[in-house]
Amino acid sequence: MALLQPTYEANEHLLREMIAVGEDIIDSKDLDLIRENANLNGESFSGKMSKLGSEYAKWYAKHFIMPKSVVRAIEDNYVYVHDLDQYAIGTTNCIFIPFDKLLGGGFNTGNGSVRPPNSIMTAMALVAIIFQSQQNAQYGGVSASKIDHDLAPYVAKSFSKYFRKGLAYFEEEDGVQPEDIRMSNFELQLRYPKSYRYALKETEIETLQGAESLIHNLNTMSSRAGGQIPFTSINYGTCTSPEGQMVIDALLTTTMQGLGSGETPIFPIQIFKCKQGVNQSPKDPNYALFLKAAECSAKRLYPNFANLDAPLNLQYYNPSDPDSEFATMGCRTRVLSDRFGRNKLSGKGNLSFNTLNLVKLGIEYGTALGKRKKADEQGFYHALDHYLDIALDGLLHRFDIQRRQKAKASDFMMREGVWEGGEQLAPDEPVGDLLKHGSLSLGFIGVAECMKALYGRHHGEDEQVYGKALQLISYMRAYCDRKSDELDLNITLFATPAEGLSGKFTKRDRQYYGSLPGITDREYYTNSFHIPVYYEIQAARKIELEARFHDLCNAGAISYIELNGNARSNPAAFLSIVQYALSQQVSYFSINHPIDRCSACGYEGIIGSICPSCGSHEEDVHIRRLRRVTGYLTGDFQTRFNSAKQAEVRDRVKHTP
């Protein structure tokens, strides 16, 4: 590739651009640039090294690889290409890992082979290794869609091991057949009571230790792109076997206990899958675990809650196949549906996504600038179509690059069949059509500000405007469905998790249009279709308003409300809010509440300027203030979030039930 117009002036301009980027990173001049990803300490050596590579890769893609129309749309602030640093090399985004397959058959990390585990302790250790190995074959999140089902066989192996030891220790009569050694075998419990109790207790201890090992490993492996912790998610909640229940219980217990000093683990983000008949009423087999999940979430901010009964998810549900159950990345990404028939999760993921700046279009065709008294809806939708086409062109161009990559470029993912079918490719063979099972997603941000710019009120303030907002997102979803049919690809609509993007669109729009009240007067645009974080509204009403958007966003969406610290002391209210959200067909839901931690005494809860436990002042000791940034958590928001996200956190109002 070569620059289209390689003039002396153009070359000089490019050189100045790169020198400026280098200086911004090395001297930490631009904190928003180096805090773009809250999972990376951009001021560390490894963070700066990673950032230098990342910024050069973006620069190279824009000047030498991408279609000019897409670059122009980026420069004009209409379109944002996520993970642009991965564009030129053809990396894919996220994936749901088939842990049952890799654990059951063993795998090779590239430096050595690993045998199938024979105990739950070893299996959980290998889960961490698989997460780590896969993370370096892509750039987004890695998720286990059914970790309780996947790990249950290894709980059974540990139980069998301890039961046989028990028979010898307690000199109970042997002669039991291997296939009869099961936790659920009541006769076994009657005939060999001492051995059974011993095996059960030892298995519980080992499962708990394995869960603790897994969570500690996933919070300490700075192995992603040279300085980040892998973006890991684990989904569970529906396995009703005693072994699967033990896995779920151990994960929740370990999470509530916290890390070494009792602090809240950041990873893996955990998602409890809610299903009527499984865990939603007292007569359901996993109801006690659902209650425990709510207790854990009230203490640790997660698990988040996935709604398998929401229509968008229920249509694919097969009670005999846990791989058909809706699960999600922590951020919100979902890839359950596939026009080529793989309507399941494991073995595929999202390929890439581009986001549209709806606010800018709203400003240009609305009433905000005072140029017209009534919104030009026809002009708005005409422009929307134009930029949807450009954003899609960018996805398709990138998809072509991704398809041409050799299997060995994503070695672990393809060789081990993490992406289903990859194991059948030769190392030098292009991945080609295998990727068609993944999704290409168009996202959006700032429905609230867009409505304000068009009509003078946002969709939480006015019923008529709410209808307009629903009409807009329905229109975008119809566009995605239509293009899916025309192109025979999985084109999906995404309620973008705006983390790094949070303030980028806003900053440039404010520079151009000035500070427009309720539109560009804050440092950020509101996430996706959410009611603005600063708008006073009760929790139930916010849930009701946002719920109808979930069914339209088939690439993923999340809703959450903000509570104060009383979440920990009022589990009944916490539970009722979760169940209300589920009843409203919200697909993926969580509750935010502040978790502060005093570094002097370890007190955790709500801390103002002075620790209520030891009296330390925040000016003398560090108070770690943990908040949710997308669906994930990310360390201390004061030091890891960019300025736009910090402003958003400051503006968040609490919702009463």
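Leaving aside neighbours within four places in sequence, Leu-336 is in contact (heavy atoms within 4.5 Å) with Asn-313, Tyr-316, Asp-323, Ser-324, Phe-326, Arg-342, Asn-343, Lys-344, Leu-345 and Lys-348. The model is predicted, so that local features need pLDDT of at least 70 and side-chain atom pairs count only at pLDDT 80 or more, whereas totals for chains, interfaces and linings use all residues. Residues are numbered from 1 along each chain as its sequence is written, and side-chain values use heavy atoms, with hydrogens and water left out.

Leu-336 is located in the loop between helix 12 (311–314) and strand 9; helices (H or I, at least four residues) and strands (E, at least two) are DSSP runs numbered from the N terminus. With a relative accessible area of 1%, Leu-336 is buried, where buried denotes under 20% relative accessible area, exposed over 50% and partly exposed in between (1.4 Å probe, protein chains only). The C-alpha atoms of Leu-336 and Ala-555 are separated by 8.8 Å, although the two residues are 219 residues apart along the chain.

Residues up to four places away in sequence not being counted, Ser-145 touches Phe-96, Asn-235, Lys-273, Asp-323, Ala-327, Leu-345 and Ser-346. Asp-323 and Leu-345 are also among the contacts of Leu-336.

Ile-130, in helix 6 (residues 120–135), is buried at a relative accessible area of 0%. Its contacts, not counting residues up to four places away in sequence, are Ile-97, Phe-99, Leu-102, Leu-103, Phe-107 and Phe-412. Between the C-alpha atoms of Ile-130 and Asp-393, 263 residues apart along the chain, the separation is 34 Å.

Two packed helices are described by the angle between their axes and the distance between the axes. For helix 7 (residues 147–169) and helix 10 (residues 242–257), the angle is about 110° and the axes are 7 Å apart; axes are lines fitted to C-alpha atoms, for helices over the stretch in contact, and angles run from 0 to 180 degrees between N-to-C directions. The two helices are therefore roughly perpendicular to each other, a class that covers 65 to 115 degrees, with angles under 35 counted as roughly parallel, over 145 as roughly antiparallel and the rest as oblique. On the helix 7 side, Ile-147, Asp-148, Leu-151, Ala-152, Val-155 and Ala-156 meet Glu-243, Gly-244, Met-246, Val-247, Ile-248 and Leu-251 of helix 10.

Helix 16 (residues 447–455) is largely enclosed by the rest of the structure, because 8 of its 9 residues are buried. These are Val-447, Ala-448, Glu-449, Cys-450, Met-451, Lys-452, Ala-453 and Leu-454, and they pack against helix 13 (358–365), helix 14 (377–403), strand 10 (439–445) and helix 17 (463–487).
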